[in-house]
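Thanks for coming, everyone. Please have a look at the model on the screen, and then I will walk through how its parts are arranged.

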Amino acid sequence: MLFLDSSDIEAVRTWHSTGTIDGVTTNPSILRKQGVTNVEKQISIIAELIAPRPVAVEITSADASDVLAACRRLHAIGPNVVVKIPIVDANGSPALSLLHRLHSENIPTNATTCFTVGQAFLAAKAGADYVTIFWSRILEEGGDAAAIVASTRRLLNEHALPTRILVGSLRRADDLTQSLLAGAHVVTAPPELLGRWADHHYARETAAQFDADERRRAGLPD
């Protein structure tokens with residue numbers, strides 16, 4: 001499956017019209033970069049646009065005073081809204097109890113910022129619908145992102161857990177291919193990276209050659 005990592009409504013509309021995306025992910029950094037000031041309104045528009053496909057929105061420490069209420073409020077935006085929760089907070093406290101509570105309330109969750117098999121497996125056991133593994137950041141630390149994805153997939157299968165592995169933090173077009181081959185159920189990428197995945201300079205050159213040859217065959221000027 002393929003998700004679009006963006007909160008830009010026009011980008012979502014464009015990629016949704018291709019029939020290739022199965023959902024949308026966002027995070028606080030994306031929302032800030034794209035100048036979103038009313039998060040709930042933006043997510044509501046996207047949720048309606050791509051329904052019944054999921055759109056994920058993340059809670060942060062800014063919601064810490066009543067994090068459960070914040071999760072409920074986000075999911076109330078629409079039935080296809082998935083609540084993203086960092087697997088540990090900035091102090092290292094795990095979100096397993098919160099994930100389990102939301103699971104008991106049938107609120108879909110995405111345990112994000114997973115860097116190890118253990119984090120992903122524990123989140124799955126707690127009831128997370130998705131676990132997000134940060135591919136490029138693992139590689140930057142010298143880790144083997146493909147092995148982490150493959151090992152997580154194996155454990156989920158062996159323990160019959162329905163949680164889906166979502167791979168994010170992708171920097172190169174080939175990262176999408178490699179993460180899917182490693183066993184990711186879902187990859188999420190920004191519009192520009194999906195565009196690079198769809199492109200190839202030889203494909204452009206070949207199309208240009210075909211166009212030129214057809215014009216010459218038809219006796220049209222170059």
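Predicted model: local features only at pLDDT ≥ 70, side-chain atom pairs only at ≥ 80, totals over all residues.

In which sense do strand β6 and strand β7 pair, and over how many bridges? Strand β6 (residues 130-134) and strand β7 (residues 164-168) pair in the parallel sense, over five bridges, where strands are DSSP runs of E of at least two residues and helices are runs of H or I of at least four, numbered from the N terminus, and where pairing requires that DSSP finds at least two bridges between two strands. Within that pairing, Y130 stands opposite R164 in β7.

Residues are numbered from 1 along each chain as its sequence is written, and side-chain values use heavy atoms, with hydrogens and water left out.

Stepping back, eight strands close into a barrel in the order β1-β2-β3-β4-β5-β6-β7-β8, with parallel pairing.

Turning to strand β3 (residues 55-58), V55 and V57 point one way while A56 and E58 point the other way, and all are buried, meaning under 20% relative accessible area with a 1.4 Å probe, protein chains only. On one pairing, β3 meets strand β2 (residues 23-25) in the parallel sense over two bridges, and V24 stands opposite V55. On another, four bridges join β3 to strand β4 (residues 81-86), which runs parallel to β3, and the bridge partner of E58 there is K84.

Notes: Buried < 20%, exposed > 50% of the residue type's maximum accessible area, 1.4 Å probe, protein only.
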